[in-house]
Amino acid sequence: MGRRDPYRDRAEAGEVLADAVLLACGTRPAIVLALPRGGVPVAVPVARRLAAPLGLMLVRKLGVPGRPELAMGALAQIGRTPVLVRHDQVIEEAGVDDESFERVKRREEEILTEKSARYGAAPLTPDGRSIVLVDDGLATGMTALAAVAAARALHPPEIVMAAPVGSAQAVALLEDAADLVVCPLTPHGFSAVSLWYRTFDQLSDAEVIDALTAARHVPGPVTPDDHTDESGLS
């Protein structure tokens, strides 16, 4: 599991994750797709360390009606078509009928469309490169699972799911879906991603766009000992 202390912020978490991804994946060609919003500042150091282009994998959790924090599924999108992952056990236990599920799904699809237009970046395609998906944490793993499914539709040679912290259950779930999961911190008794960051501010869409702009020209690979902050984020 490695460290036990919370990360200072997403920038520090990204540097730690970048070391772990580089160790696990080496320098084979890759593209990095961040799950916004929180995954973007984490992904910037990862893309820099891998000398890889940085793009977005849009994701939306489908929350149970009246209990939005409980995921009954997730949507992920790169390009035009969203990919749906359902959590049938939660749907059954929460008594969510098909009409209610579809209502939530349609609302989140509309938000995905809006986000895609707002961010405005053309989707990256693997073109024979590995896809490294990056988020700021894995709680239930449902949004990450949808992201992996959407990435799989692009037929890359490898899909890596990477996050600085996550629950053991989420990591196990994703190990069955991705080719590799990189998660340096899996605390015992994990309850929330935010508890493992001393600063866990909500990011605006403008900050996401600024981070992508700053990462557009990625320099060559940086060794793990060279930890100057070039993320372009504060």
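Start with E99. It is exposed, at 57% relative accessible area. Exposed means over 50%, buried under 20%, and partly exposed in between, with a 1.4 Å probe and protein chains only. R103 is partly exposed, at 42%.

A quick word on the source. This is a predicted model, so local features need pLDDT of at least 70, side-chain atom pairs count only at pLDDT 80 or more, and totals for chains, interfaces and linings use all residues. Residues are numbered from 1 along each chain as its sequence is written, and side-chain values use heavy atoms, leaving out hydrogens and water.

Back to our pair. E99 and R103 form a salt bridge, 3.4 Å from N to O. The term means a side-chain nitrogen of Lys or Arg within 4 Å of a carboxyl oxygen of Asp or Glu. The two sit four residues apart in helix α4 (residues 98-119), about one helical turn. Helices here are DSSP runs of H or I, at least four residues, numbered from the N terminus.

Next, K115 and D205. Their side chains meet at 3.2 Å, N to O. K115 lies in helix α4 and D205 in helix α7 (residues 205-214), so this bridge ties together parts 90 residues apart in sequence. K115 is buried, at 11%. D205 is buried too, at 9%.
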